[in-house]
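I opened the model to look up its strands, helices and ring contacts. My notes follow in the order I made them.

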Amino acid sequence: MNQVTLTINEREYTRVIEPRTLLVHFLRDELGLTGTHWGCDTSNCGACVVLLDGWPVKSCTVLAVSASGHEVRTVEGLEVDGELDPVQQGFTEEHGLQCGFCTPGMLLTARALLDRRVGGDRLTDTEIREAISGQICRCTGYATIVRSIRWAAEHSTEEVHR
């Protein structure tokens with residue numbers, strides 16, 4: 001057993017866990033943060049994406065002990081003080097979800113993409129599609145997801161880039 005201290009959504013958590021515990025299981029089973037979905041268990045689907053120091057990672061491939069000392073952001077950390085992140089709002093405005101299983105990973109990948117934009121550069125559909133290429137959506141065909149991320153890019157301000 002190992003004691004780990006993780007900072008998740010700007011809050012510190014300390015737990016004693018098995019050293020082989022995956023980050024996805026730590027988030028869901030230890031902390032009850034079930035917005036991070038556990039999908040394929042092979043790192044193919046992207047449903048388990050979280051941000052690790054601002055970068056999208058598949059939490060089914062990261063040991064929780066490896067995340068110690070790093071900042072983790074889950075989908076629960078997007079909304080702040082009752083205000084939706086522009087990415088969440090974009091998915092609402094442009095109907096970027098259907099069943100919702102892939103949505104948390106898509107939202108976090110989109111947030112990371114927008115956070116890395118240089119200045120006010122307009123994102124192309126190709127850039128958006130490349131960013132989300134590590135995630136599988138079996139419902140929408142991606143057109144509405146791309147529109148949702150474009151909407152978020154057009155409605156984002158520097159203040160939301162935390």
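**Ring contacts**

I started with Trp 55: the charged end of Arg 116 sits over its ring, 3.5 Å from the centre. I count a charge as over a ring if NZ of Lys or CZ of Arg is within 6 Å of the ring centre and within 35 degrees of the ring normal. This is a predicted model, in which local features need pLDDT of at least 70 and side-chain atom pairs count only at pLDDT 80 or more, while totals for chains, interfaces and linings use all residues. Residues are numbered from 1 along each chain as its sequence is written, and side-chain values use heavy atoms, with hydrogens and water left out.

I then searched for aromatic pairs and found 0. Rings of Phe, Tyr and Trp (its six-membered ring) would pair with centres within 6.5 Å.

**Hairpin**

Trp 55 of β4 stands opposite Leu 52. Strands β3 (residues 49–52) and β4 (residues 55–58) run antiparallel and are joined by 4 bridges. Strands here are DSSP runs of E, at least two residues, and helices are runs of H or I, at least four; two strands pair if DSSP finds at least two bridges between them. The hairpin has 2 residues between its strands, and Asp 53 takes a positive phi near 50 degrees.

**Sheet**

I traced 5 strands in an open sheet of mixed pairing, in the order β2-β1-β5-β3-β4. β2 (11–17) and β4 are the edge strands, each pairing on one side only. From one strand to the next the twist averages 40 degrees. Helix α1 (residues 23–30) packs on the sheet and touches β1 (2–8), β2 and β3, where contact means heavy atoms within 4.5 Å. α3 also packs on the sheet, touching β3, β4 and β5 (71–73), and its direction makes about 30 degrees with that of β3.

**Helix pair**

At what angle do α2 and α3 pack? I read about 125 degrees for α2 (residues 86–93) and α3 (residues 103–115), with axes 9 Å apart. α2 is therefore oblique to α3. Among the contact residues are Val 87 and Phe 91 of α2 and Met 106 and Leu 107 of α3.

Terms used:
Rings of Phe, Tyr and Trp (its six-membered ring) pair if their centres lie within 6.5 Å; planes under 30 degrees apart count as stacked, over 60 as edge-to-face and the rest as tilted. Axes are lines fitted to C-alpha atoms, for helices over the stretch in contact, and angles run from 0 to 180 degrees between N-to-C directions. Angles under 35 degrees count as roughly parallel, over 145 as roughly antiparallel, 65 to 115 as roughly perpendicular and the rest as oblique.
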